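Below is a short note for a colleague who is meeting this structure for the first time. Please read the numbered points with the model open beside them.

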Amino acid sequence: MSDDLGQKNAKLVRKLVFIVLGMFGFGYALVPLYDVFCDITGLNGKTASEAATDVKYEVDLNRKITIEFVTSVNGVAPIEFRGEKNKLNIHPGQYYSVNFYAENKTDKKMTARAIPSVTPGLAAEYLKKTECFCFSEQTFEPHESKLMPVRFVIDPELPARYKTITLAYTFFDNTEKSVKK
Amino acid sequence: MSAVTAEHDHHDHGPAKGLLRWVVTTNHKDIGTLYLVFSLAMFFVGGTMALIIRSELFEPGMQFVNPQFFNSMTTMHALVMVFGAVMPAFVGLANWMIPMMIGAPDMALPRMNNMSFWMLVAGILLLASTFFMEGGAPAAGWTMYPPLVLQTGNALPFAIFSVHLLGISSIMGAINIIATIFNMRAPAMSLMKMPLFVWTWLITAFLLVAIMPVFAGAVTMLLTDRFFDTSFFDAAGGGDPVLYQHIFWFFGHPEVYVMILPTFGVASQIIPVFARKPLFGYSSMVFATAAIAFLSFIVWAHHMFTVGMPMAGELYFMYATMLIAIPTGVKIFNWTATMWKGAMTFEAPMLFSIAFVVLFTMGGFTGLMMALAPLDFQYHDTYFIVAHFHYTLVPASVFMIMAAGYFWLPKWTGNMYDEKLAKLHFWLSAISVNILFFPQHFLGLAGMPRRIPDYAVQFADWNMISSIGAFIYGPSQLIFVYIVYKTIKGGTGEKVTDEVWEGAKEHSLEWTLPSPAPYHTFSTPPKEVPTLSTSRS
């Protein structure tokens, strides 16, 4: 009888250990699930990581939208980073270009990456960028400065409730991580 | 030492002699005692940290500690109290009581039981060792949000491994409890005859099995982000720090129920005994517990209303959270109805239970306030949330652990505790806990952020009152230690009956055993078990 119990216990423990391992995997599965979920719903204000194709939209001259530009550097990264303009009044469907200025303040070569974020998050999918310095890592020679254009358009499909869109860039100093690679 | 080696009757031997008994024991009662003693010690370690926090906050300005150490105190206080005190205390109670309540001779997996206890000790020691490391103990809050937590000094990997050990220990404990309840019940003990403490623990154990691995995964991702160049939560590499919060709270919300469900179980054991009535609505209690456990998995983002979720998300998590009030309300109603027209007496366990019902309800109401997304923007990360969860943890979980101590000590030791001292302990605790935490509601509403060592002078008065409460509450708990010690050493001298409390036999099996409970109990399963469900079939 106690052998019987031993077997019953072993069987149950196997099942429970299986659940434990499954849930450990589930924790990791949340990472791609989160990305897919945000991608479908556009919840977290991420813009496309690749250049949009140059589509010709009908320009909606009756509608004006304010687009604001916010620049920041992560932590104490030694980068000077600012936009040429703080904000623009634009028409949906028309292409615009804005320059951003970045400078490596150190005596060393630097690899840095700008990460964009759009507020409100649900407007992100209507902001299309055909050109952006954020699509790839940027390398800076010591004290090198760069003028980097962003070319974008707001899809005229943008729901009417959005009057102001904020595009924020944060520069991350990735030098250490790239050196290791 | 005399050499006592003779063991003629192998089936009926007592505990081994000497200190090694406690290291190698596989007896559920010994391991239960180990867990309880360890958690009591950790309660005072975590409590000392809380008193350091309250000393610093007694007045505005910096008094005693530097801000880094202050932040370590808030972080470590939480980790020690959650993983070192409250959870192990309930595991200890489970070890002691579950086999005696379901008519089993021991836990299903006694050796694993021993291992999970010593792993807990190892985990806590590892965590404590971080105090002596460069950069100090973890100070980014017990939630360990990146990117802040990645700035922790040398302590980070040790804290993470400690979380791994504590997690494995809890998972093993949970597996053991599930196996015991499923496979070791006396034949007459059907699931719907199990005492509620057993039921709540069964559900808690399933929560643990489901969530601890997710937490282990989250901290492992932190580890690889810091040391192996992954970018799970690093925006520069395409990750997202908000993702951590989602994973953490997927674990974190059920985790807070891990600490409250066994509390409900203890209350459901104590209240009927002292009301001298069967528990009102036994089966609704079981289903309410299961409903709370289920809901706990789908409400996690109410901890992160301010991260910038869209309206639809806020609304969903708001309504789902408010739904929890329904099964919780059922429980409060049932406890109240159990007391209704009961022949109540007010011994210490009952006093603590009544205080629990009242004060936990208050904690529940502030929870409802914060469930409202638009209001939460005001309360988020203020002392209001601190007041809320301390109301649900201290006068709920901690009170009921102490109540369980008073309730079952006579069964464990065969001696009666000192009722006068216990009442003193109760009144000091119940009054000071309110002096301690109630003013924190006002501080939070006025805008005082949590986890800060210094504050604007407008918060000075309530902080001082709160600190005074802390310095009454903390030392009062030493009375409990003294009572426990005295009871073990013989108590009041009054010998207790098997039943201990009048009519207790009708509520649960442990009261049919002799007092003190022999080292081995229910070697043969009991023939009859009490019927708890009052509904007629």
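1. Is A77(A) buried or exposed? With 21 other C-beta atoms within 10 Å, A77(A) is buried; a residue is called buried if 20 or more other C-beta atoms lie within 10 Å of its own, exposed if 12 or fewer, and partly exposed in between, with C-beta atoms placed from the backbone. A77(A) sits in the loop between β1 (65-73) and β2 (79-83) of chain A, where helices (H or I, at least four residues) and strands (E, at least two) are DSSP runs, numbered from the N terminus. Leaving aside its neighbours within four places in sequence, A77(A) is in contact with F171(A), F172(A) and D173(A), contact being taken as C-beta atoms, placed from the backbone, that lie within 7 Å. The C-alpha atoms of A77(A) and K105(A), 28 residues apart along the chain, are 9.2 Å from each other.

2. A word on the source: this is a predicted model, in which local features need pLDDT of at least 70 and side-chain atom pairs count only at pLDDT 80 or more, while totals for chains, interfaces and linings use all residues. Residues are numbered from 1 along each chain as its sequence is written, and chains are lettered from A and ligands numbered from 1 in the order in which they are written.

3. Two further places in chain A deserve a look at the backbone. The peptide bond from T119(A) to P120(A) is cis, with omega near -5°, and P120(A) belongs to the loop between β5 (110-119) and β6 (127-131) of chain A. H143(A), in the loop between β7 (138-140) and β8 (145-154) of chain A, has a positive phi near 60° although it is a residue other than glycine; because H143(A) has 12 C-beta neighbours inside 10 Å, it counts as exposed.

4. Turning to how the chains meet, 26 residues of chain B are in contact with 28 residues of chain A. On the side of chain B that touches chain A, the elements giving two or more residues are α5, α6 (196-227) and α7 (241-275) of chain B, and α6(B) gives the most, with 7 residues. That side of chain B divides into 20 nonpolar, 4 polar and 2 charged residues, where Ala, Val, Leu, Ile, Met, Phe, Trp, Tyr, Cys and Pro count as nonpolar, Asp, Glu, Lys and Arg as charged, and the others, Gly among them, as polar.

5. Within chain B, helix α3 (residues 67-102) packs with helix α5 (residues 155-183) at an angle of about 15°, with their axes 11 Å apart; axes are lines fitted to C-alpha atoms, for helices over the stretch in contact, and angles run from 0 to 180 degrees between N-to-C directions. That angle makes α3(B) roughly parallel to α5(B), since angles under 35 degrees count as roughly parallel, over 145 as roughly antiparallel, 65 to 115 as roughly perpendicular and the rest as oblique. The residues of α3(B) that take part include F83(B), M87(B) and V91(B), and among those they meet in α5(B) are L166(B), S170(B) and G173(B). By class, this contact of α3(B) with α5(B) has 10 nonpolar, 3 polar and no charged residues.

6. What is the angle at which α11 (residues 348-371) and α13 (residues 383-413) of chain B pack? The angle is about 160°, with the axes 8 Å apart, and α11(B) and α13(B) are therefore roughly antiparallel to each other. Their contact has 20 nonpolar, 6 polar and no charged residues. α13(B) is mostly covered, as 27 of its 31 residues are buried, and just after α13(B), G414(B) takes a positive phi of about 80°.

7. A cis peptide bond joins P146(B) and P147(B), with omega about 0°, and P147(B) lies in the loop between α4 (110-129) and α5 of chain B. V500(B), in the segment after α15 (460-488) of chain B, has a positive phi of about 60° although it is not a glycine, and V500(B) is partly exposed, with 19 other C-beta atoms within 10 Å.

Methods. Contact = placed C-beta atoms within 7 Å.
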